[in-house]
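Trainee: I would like to work through this fold one element at a time. Please show me the structure before we start.

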Amino acid sequence: MARLLALEWNESEARVVVASLHGKEAAIEQAFSISMRPQPGSDQPVDAGQRLAAALAARGLGRLDTLVAIGRTNIELRQLAIPPCPDEELPDLVRFQALREFNAMQEDWALDFMPIDDVPDQARTVLAAAMAPEQVEQIRETCQKAGLRPRRLVLRPCAAASLFCRRQADGRPRVRLLVDLLEDEADLTVIVDRKVIFLRTARLPGDPLSDGDAAQALMAEFRRTMAAVQNQLGGRKVEAIVLCGMGPQHAALSAMIDERLGTPAE
């Protein structure tokens, strides 16, 4: 039985999920968070790898193949226009175009992309993400200190969108805004017909599930995102807002969205 660990962290906390794999199904064994803040009274920076190693050892977790989720703020992201081409030529053309249009990208940067349209005999549009080699190496070093084997880097908003698209029952083409709340920030990902076409991460003054000011700030971020998407899609609007999570706090936030924005919330 294979086991897999999924990991994501920032300066506030690390989030860890351990799962066992049974064919195409994954059964979650553990899910927990680890504070990445300094100890009270200490001004020493936290060594993320050592903090992770201690927490994993306390739970009896040894060397595991690991998926590392990366936040939007750790990458350079851009929508690129590519000339008509067959799929097999798309990677080379995307890298060529990215080197011309990204602000700081060099030949040794990690690059991945998602096609937004898929008609080979027409101009192509892709959403491309690039990461500096120094950041990739930092992730590898942190995992090495923690005794983990990093196997894949995934963009956190895209991972959430993939899960949502695979789980949703409604196959009708819609424009949805997927909202993943993470303490004092929120991933805002727009999905059109099961494809990610726009994503951003918004910083918030607190947790919108419990802080009224943060909830108001989140409403403003919704409006900015929805306006940008409507402009990008030629007037097509976000039809529904999807909150990742359940419970009374999410229900209250959903009711606020309905009242303030007039957009259905799921």
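Predicted model: local features only at pLDDT ≥ 70, side-chain atom pairs only at ≥ 80, totals over all residues.

Trainee: In what order do the strands of the three-stranded open sheet stand?

Mentor: The edge positions are held by strand 5 (76–82) and strand 6 (110–115), each of which pairs on one side only. Strand 7 (residues 124–131) is joined to strand 5 by seven bridges and to strand 6 by six. The pairing is antiparallel, and the order is 5-7-6.

Trainee: Which residue of strand 7 is the bridge partner of Glu76?

Mentor: Strand 5 and strand 7 run antiparallel. At one place in this pairing, Ile82 stands opposite Arg124. For Glu76, the bridge partner in strand 7 is Ala130.

Trainee: And which residue of strand 7 is the bridge partner of Ala110?

Mentor: Here the pairing to look at is that of strand 6 with strand 7, which also has an antiparallel run. The partner of Ala110 in strand 7 is Met131.

Trainee: Which strands stand at the edges of the five-stranded open sheet?

Mentor: This sheet has mixed pairing and the order 3-2-1-4-8.

Trainee: How many bridges pair strand 1 with strand 2?

Mentor: Strand 1 spans residues 2–9 and strand 2 spans residues 13–22. One of the bridges links Leu7 with Val16 in strand 2. The two strands pair in the antiparallel sense, and the number of bridges is eight.

Trainee: At what angle does helix 1 run to strand 3?

Mentor: Helix 1 (residues 48–58) lies across strand 1, strand 2 and strand 3. Its angle to strand 3 is about 120 degrees.

Trainee: Are helix 5 and helix 6 parallel or oblique to each other?

Mentor: Two packed helices are described by the angle and the distance between their axes. For helix 5 (residues 212–232) and helix 6 (residues 248–261), the axes come within 11 Å and cross at roughly 55 degrees. The helices are therefore oblique.

Trainee: How many nonpolar residues does the contact of helix 5 with helix 6 have?

Mentor: Helix 5 contributes residues including Leu218, Met219 and Phe222, while Leu253, Met256 and Ile257 are among those from helix 6. By class, one residue of the contact is polar and two are charged, and the nonpolar ones number nine.

Trainee: Is Ala202 buried or exposed?

Mentor: Ala202 is found in strand 11 (residues 195–203). Beyond its neighbours within four places in sequence, Ala202 is in contact with Asp184, Glu185, Ala186, Leu188 and Glu221. Its relative accessible area is 3%, and the cut-off is under 20%, so Ala202 counts as buried.

Definitions and conventions: Residues numbered from 1 in each chain as written. Heavy atoms only, no water. Helix = DSSP H or I, 4+ residues; strand = E, 2+ residues; numbered from the N terminus. Buried < 20%, exposed > 50% of the residue type's maximum accessible area, 1.4 Å probe, protein only. Contact = heavy atoms within 4.5 Å. Axes fitted to C-alpha atoms, helices over the stretch in contact; angles between N-to-C directions. Parallel < 35°, antiparallel > 145°, perpendicular 65-115°, else oblique. Nonpolar A, V, L, I, M, F, W, Y, C, P; charged D, E, K, R; others polar. Pairing = 2+ DSSP bridges.
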